[in-house]
Amino acid sequence: MPRFHCSVPLSTGAAFALPPGAARHVQVLRMQPGDALTLFDGAGGEYEATIERMGRSDVSVTVGAHHPVEREATRAVHLAVGMPANERMDWLVEKATELGVASIQPLATAHGVLRLSGERAEKKRAHWEAIAIAACEQCGRNRVPVIHPVRSFSGNSGWIDAQQGEGAAARFVLSLAEGTQGIATAAAAHAPDRDVRVLSGPEGGLSAAEEQEAIARGFAPVTLGLRVLRAETAALAALVSLGGA
């Protein structure tokens, strides 16, 4: 059954016009009045719904029963990633959402190629959020991961400066240093339902100074194995290793 995200709160018995994006999708699928679909608003669970009217550019629905089904991972994994260039960040957001990531923090780092600020950064964040929503519609998740605004790793109001103290989440930074503990082994020392924050670098990796700054703020260095992975692959491999899927 087709699934669509709605940005407005849903309730049983409500009747309204679908958001433009969802309405266009319904029309592309050539659905008709009386057809059933599933809606979710990100607050938890999903709703049955029925198409009541098809206009030229709008679609009206009536919301039916709520089902409190969840398909989230046991462990909430939060990724902070040095943004890879071109479409690789898009791919990372899509696949991380399918694998159950709880949130993604895009970072501008010393070795990163992609540089975003101001209005361009906000447009990119909205673009990545739309990718995450589409991935949730496809994979069955009812909660959309948070896509945080782009931040610089360090410097004035840098992301790393806000990571003081231990906090409730376990913290790992992906490292290529010799003798680094494997991520699965490191995670086994924490309760399986404890939140985890993972820091991963861009194409060129984190700089030595950035890695040391993260370690100084409680991020334990971990490795994914003997092979050197692409930036987007490394972040996803870490997510799977931590049981995010």
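Which residues lie nearest the centre of the largest pocket? They are L174, L176, G205, L229 and A234, out of a lining of 20 residues. Before going further: this is a predicted model, with pLDDT of at least 70 needed for local features and 80 or more for side-chain atom pairs, while totals for chains, interfaces and linings use all residues. Residues are numbered from 1 along each chain as its sequence is written, and side-chain values use heavy atoms, with hydrogens and water left out.

A word on how pockets were found. Rolling a probe the size of a water molecule over the atoms shows where empty space is left. Here a pocket is an open set of points on a 1 Å grid over the protein atoms alone, where a 1.4 Å probe fits, with protein on both sides within 12 Å along at least five of seven lines; lining residues have an atom within 4 Å of a point. Volume is the space filled by probe spheres set on the points, which are joined across faces, edges and corners.

The largest pocket holds about 390 Å³ of space. Its lining divides into 9 nonpolar, 7 polar and 4 charged residues. In that count, Ala, Val, Leu, Ile, Met, Phe, Trp, Tyr, Cys and Pro are nonpolar, Asp, Glu, Lys and Arg are charged, and the others, Gly among them, are polar.

The second largest pocket has a volume of about 180 Å³. Among the residues that line it are F4, H5, A22, H25, A130 and E137. Two or more lining residues come from each of β1 (3-5), α1 (20-28) and α3; helices (H or I, at least four residues) and strands (E, at least two) are DSSP runs numbered from the N terminus. The most, 4 residues, come from α3. By type, the lining has 7 nonpolar, 4 polar and 1 charged.

Now the packing. The largest nonpolar core has 34 residues, and I104 and W128 touch the most other members. Such a core is a set of buried Ala, Val, Leu, Ile, Met, Phe, Trp, Tyr and Cys residues joined through side-chain atoms within 4.5 Å. Buried means under 20% relative accessible area, exposed over 50%, and partly exposed in between, with a 1.4 Å probe and protein chains only. The largest share of this core, 5 residues, comes from α6.

Which residues of α6 are buried? A231, E232, A234, A235, L236, A238 and L239 are. They pack against β6, α2, β10, α4 and β12. Just after the helix, G243 takes a positive phi of about 80°.

Back to I104. Leaving out residues up to four places away in sequence, I104 touches L79, V81, M89, L92, V93, A96, V146, I147 and H148, where contact means heavy atoms within 4.5 Å. Apart from this core lies another, of 17 residues, including C6, L10, A22 and V26.

A23 sits in helix α1. Why does A23 count as buried? Because its relative accessible area is 1%. Beyond four places in sequence, A23 touches L18, S57 and V59.

T223 belongs to strand β13 (residues 220-223). T223 counts as buried because its relative accessibility is 18%. Its side chain reaches the backbone nitrogen of G225 at 3.1 Å.

Note on methods:
Polar contact = N/O pair within 3.5 Å; in protein donor to acceptor, adjacent residues only side chain to side chain.
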